[in-house]
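Me: Hey, I've just opened this one and I'm new to it. Can you walk me through it?

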Amino acid sequence: MTPLENAILDIIKGSNGVKASQIANELNIDKKQVNSLLYGNLKVYCCQDSSYKWYLASAFTAGVAPKDDNVVGADKDLENLCKYYLNCLSIEGNNSISAFLTSSYNLNYAEVNKIDKSGFDSENAAVFLNKIARQRNMTAYVGYPIMIMKIYSLKTKQSYLKVVPIFIFSLEYGSGSINMSNIPSLNMEIIKRYTPQDSNAQIYELIDLENQLGLNSQETEIEIDELVVRLQEIRHWEWKEKLDPYNLNLEIPIGMLTQEGIYNKAVVIATERSPYTQGLESELSALSQLSTQSYKDTALYNWVHREGGSGIGREAVQNSILQETASLEVLPLNTEQDQAIQKALKSNLIIVTGPPGTGKSQVVTSLLVNAAWNNKNALFTSKNNKAVDVVDIRVNNLGNRPIMLRIGNNQYAYRLAEVIEGLLSSNADQSDVDDFNYYKTAYDEKISACTTLKRKKNEYIAFRNRLDRLEQKVCHIREKTWGAFLGKVDDEDIKKLRNAVDECTVSYSQTRKEQQSFLTKIFWFVVKDKRKQQFEEKVSILNNISKCYGIKPLPADIPEDTYIQYKNKIVGCINDLQTFIEYSSLLNDFNDSESLENIDRQLIAHKSTLADIAHKLWEKWLVTCPLQISAEKRVEMTQYVAAMRLIGDVDVTGYPEQKLQFSKLQKEMAQFMPCWAVTSLSVKGRIPFQPGFFDMVIIDEASQCDIASILPLLYRAKRAIIIGDPKQLSHISSVSKSQDVSLLQKYKVGFEWSYSANSLYSIASGIANPGQIVHLRDHHRSFGDIIEFSNTEFYEGKLRIATDYKRLNTPGNEAPGVRWVDVSGKTIRPSTGGAYNNQEIEKVISELKHLIVENGYCGSVGVVTPFKSQAEKIREIIEKTPSLKDYLHLKNDFLVDTVHKFQGDERDVMIFSPVISQDTPLSAISFLNNTGNLFNVAITRARSMLIVVGDMQYCSECKISYMEHFVDYIRKHLHVEKPLSTLTCYESREYPRVDNPEQVSDWERYFYTELFDAGIKTVPQYPVDKYKLDLALFFKDRMLDIEVDGEMYHRDWNGELCYRDQLRNQRLYEIGWDVKRFWVYQIRDALPWCIEQIREWMKSQV
């Protein structure tokens, strides 16, 4: 070592941290010379903190260097949150760690003499940590105990030994200090060694082992010596020696070991972080330094400070339909989808949730279009590339030029340049403007017509409910003596009765001496007889009128208290008769009003053309947009296109001015692509890191997203739209619960932000208020019998099945729905873990051959199973069967895999293989018991047919609740209904026997008989599609569904019930039925009118 190097080290040794400039001044030499040595020959002896002060490596490892102060003005809540997630990422992002035992280059580990939470005696470990601290893409851990594992390289055709820690302790090192975590993680590399399945199965195995070791217990503190003893007891791995973390084996250096096995040794080991993790960590670090004011106008601020619930609140749940008509429906939208778009354009936070097939992707596409339409910009993101690519294609295929820029592809800058060049060369003219105005007017008129029909529909519902409430009052009157006069009295009759009782009351009072004046009392003997005679005449008139209504005659000598009772009875009769008149009038008006079925037909017709007009309007809007570009902006656009041609493939690092200008131009040009799409981990360096850069960020499949990776996206947007279904695949973390609780406490972060326990969807649901959560309930994907189980088991029966069955691609000679192929097999657990069932595999292959080869089916087909081993064996057999393989891959868009690969996907026909049968290991049952959401995803991928190949008896008693319920459901639905052609009208006026008498109301029976007596013969409980019609009428070539409102009698009819009926009617219209609904009070009190309505329908068919 040179004298100058020694002098520099002496200065550093005698200081409490010193900068290179101070060293240069003290030695009176150039700072460049000092830096050259510090970063060169002296780098193994020194380290530098974030304030650019230098320390000896020994001081660094001993923890004597000062720590950095917090950034002044940083938002403490955000800072703690980001540091918490950085620590979580450190644990999870590198939970699969190993290093080569020997190397011709630098080793990625160093053996330590003892496990110490504050430093290491080993000089090698100190130097090693120093080196790692200077490499931003590397991070270090303490590992104990150590497995020596042999691997074989296909590339070099040689075997190598690797160092693989069993437990990993995260390290915090920097600014001269070291801190080792109290709670270790299991190394995923060990799980892979003994469970070589797919990554998802390995995570579940990891979590199971953590549970057995108590690592997920939130209250138990486990010492490392107890932990390794328990591990040795429950796992018969290759233990080479007794484990004692307090007395490590130092006799033989770790690099001299040659046999595979687990040793009582510890190392500091380094691993490289993925570029995605590095990017996220970099942005979280930047966020941790933000002041409160610097990000106040972002979605992130709203979440951190619980202001996500502002904007549209609870009162918006009942928003008027008249406020929900501004969306541009380039795709047909139902009420809830339209509501989601309306709210998303106004509120800080909106959650759009719905079961499979409810049109969440349709909402995303429409929302992005409407963002552009409303001059807003939006960022769409999801965890996986497929979801992002699908949205990119859907949005851009709607118009004649793209509006969405797919970020992440290296060609995106060229694509942007192509769009800009296309805008510059646009030949739009006044005729395009005229076309735009024409379609805008047509669209507005159609929207206005729909709004009018919706108003009429609401008025009809209100009318019906008002009539129903009045009829409830009438029901109580029917039992009285004058109840028979419903519909037989008018205002004149009531007037006569009222006048008679009023005159009688006046006359009666005149017969009461005590009620007279003083003068009259003196001459009472003169007027008494005359007044009594007058009263008797009035009583006679009243009795003649009241006896018509069954009221007993009033005697002339009635005492006063009895007369008052009598009078009140007459007044009650009058009020009841008045109610009769009001009810009859309202019923007549109701009968004369336009029927709900006609309103629905008109709405359906309008909605069917609305999307066509909107699509043309959208295209014309895209065409005319270039006409609004200013001359100044066109110059910038020209510059950008030229710059791309000139330097698009050139390294401009040496031309900083041109690089800066090009970067600025590229950001300016992004406004011409208002929608951007990117995967959530590909954001760093691709999307400007600016607060509120986007008006909104749309996050898809949020139940699978961790919270940490979304924080930088929330920072970039003003508002957030969260899309997801908590009943499908969820976020899985390898961070143990005990580790998570420890970190939450350390950083003073609330449980709701938990990295391991909560998904992005979960925390968003907690921040939002009820008015900001839109539930999609119209299911459009699957045949009714397929989705109905999930509807009942997972979604509380709230789904409305609105599938267009004409679009289902059902195999020939097969009926759509669910079919169970019962096969008794044996479940085998291979040494690698998982499970497979050879008998089920054979039957799956047989079903595929029958479906594809024999029947020539050309629809899309999938085979899904919970176990990777099963999927692999099915795939192997298909690969060895050329005829089947060729058919599947050429004609059937075929996929066989585990559930995770089918998330976001769907097939015409799905085959589900549950695998479980005789000898199923408890671990497989436990796995399935904890993954009900996987089952939900598996069975809801099918559109037309779901074929289950498995042991029905075993599944019915397997102690997996959803599986047992599914078997019960299948058994109830495995019945064959009579073909429609064999069902004929009945020849008796007596209501016939039906399969579901408990669902038949007395009024249906009554109406059936009355129609029969009127010469109209109907079929009760006629099966059509997934419905049972109350009464079916066949006349000529037409069919009429006659519905009787028995279920809703004396109950308010709300929008949800009305909407379900609308979907039902729409489905019946599609398959050629007409619909007429009659309410109970119409049948009871206007039966001739009801029968005439049906006669009128029959006449219209002639």
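This is a predicted model: local features need pLDDT of at least 70, side-chain atom pairs count only at pLDDT 80 or more; totals for chains, interfaces and linings use all residues.

Me: What about contacts between residues at least 6 apart in sequence, how many join residues at least 24 apart?

Reply: That share is 74% of those contacts.

Me: Let's get local. Which residues make the nonpolar surface patch?

Reply: Phe518, Leu519, Ile522, Phe523, Phe525 and Val526 make it, and the patch covers about 710 Å².

Me: Which helix gives the most to that patch?

Reply: That's α18, with 3 residues. Both α18 (518–522) and α19 (524–546) supply at least two residues each.

Me: Where is Phe525, and is it buried or exposed?

Reply: Phe525 sits in helix α19. Phe525 counts as exposed because its relative accessibility is 65%, and the cut-off for exposed is over 50%.

Me: Switching to helix packing. At what angle do α32 and α34 pack?

Reply: Helix α32 (residues 932–939) and helix α34 (residues 961–973) pack at about 35 degrees, and their axes are 9 Å apart. On the α32 side the contact uses Gly932, Phe935 and Ile939, while α34 brings Tyr962, Met963 and Phe966.

Me: What classes are those contact residues?

Reply: The contact of α32 with α34 has 5 nonpolar residues, 1 polar and no charged ones.

Me: Now helix α25. Which of its residues are buried?

Reply: In α25 (residues 737–746), the buried ones are Ser738, Gln739, Asp740, Leu743 and Leu744.

Me: And what do they pack against?

Reply: The buried residues of α25 pack against α5 (76–92) and β9 (185–186). Just after α25 you'll also find Lys748, which takes a positive phi of about 55 degrees.

Me: Why does Asn375 count as exposed?

Reply: Because its relative accessibility is 69%, and exposed means over 50%. Asn813 counts as exposed too, at 80% relative accessibility.

Me: Back to loops. Where is Gln704?

Reply: Gln704 is in the loop between β16 (694–699) and α24 (711–715).

Me: Buried or exposed?

Reply: Gln704 counts as buried, because its relative accessibility is 16% and the buried class is under 20%.

Me: What does Gln704 touch?

Reply: Leaving out residues up to four places away in sequence, Gln704 touches Lys383, Leu729, Ser730, His731 and Gln903. There's also Tyr761, which is 57 residues from Gln704 in sequence and 8.0 Å from it in space, C-alpha to C-alpha.

Me: And Asn249, where is that one?

Reply: Asn249 belongs to the loop between α9 (224–234) and β10 (261–263). Asn249 is partly exposed, with a relative accessible area of 21%.

Me: What are its contacts?

Reply: Asn249 touches Glu111, Glu241, Asn264 and Lys265, again not counting residues up to four places away in sequence. Asn249 and Ala266 are 17 residues apart in sequence, and their C-alpha atoms are 8.9 Å apart in space.

Me: Last one. Which residues does a cis peptide bond join?

Reply: A cis peptide bond joins Tyr144 and Pro145, with omega at about -25 degrees. Pro145 is in strand β6 (residues 138–153).

How values were computed. Residues are numbered from 1 along each chain as its sequence is written. Side-chain values use heavy atoms; hydrogens and water are left out. Axes are lines fitted to C-alpha atoms, for helices over the stretch in contact, and angles run from 0 to 180 degrees between N-to-C directions. Helices (H or I, at least four residues) and strands (E, at least two) are DSSP runs, numbered from the N terminus. Contact means heavy atoms within 4.5 Å. Ala, Val, Leu, Ile, Met, Phe, Trp, Tyr, Cys and Pro count as nonpolar, Asp, Glu, Lys and Arg as charged, and the others, Gly among them, as polar. Patches are made of residues with over 30% relative accessible area and no salt bridge: like charges are joined within 9 Å, nonpolar side chains (Val, Leu, Ile, Met, Phe, Trp, Tyr) within 5 Å. Accessible areas come from the Shrake-Rupley method with a 1.4 Å probe; for residues, only the protein chains shown count as cover. A salt bridge is a side-chain nitrogen of Lys or Arg within 4 Å of a carboxyl oxygen of Asp or Glu. Buried means under 20% relative accessible area, exposed over 50%, partly exposed in between (1.4 Å probe, protein chains only).
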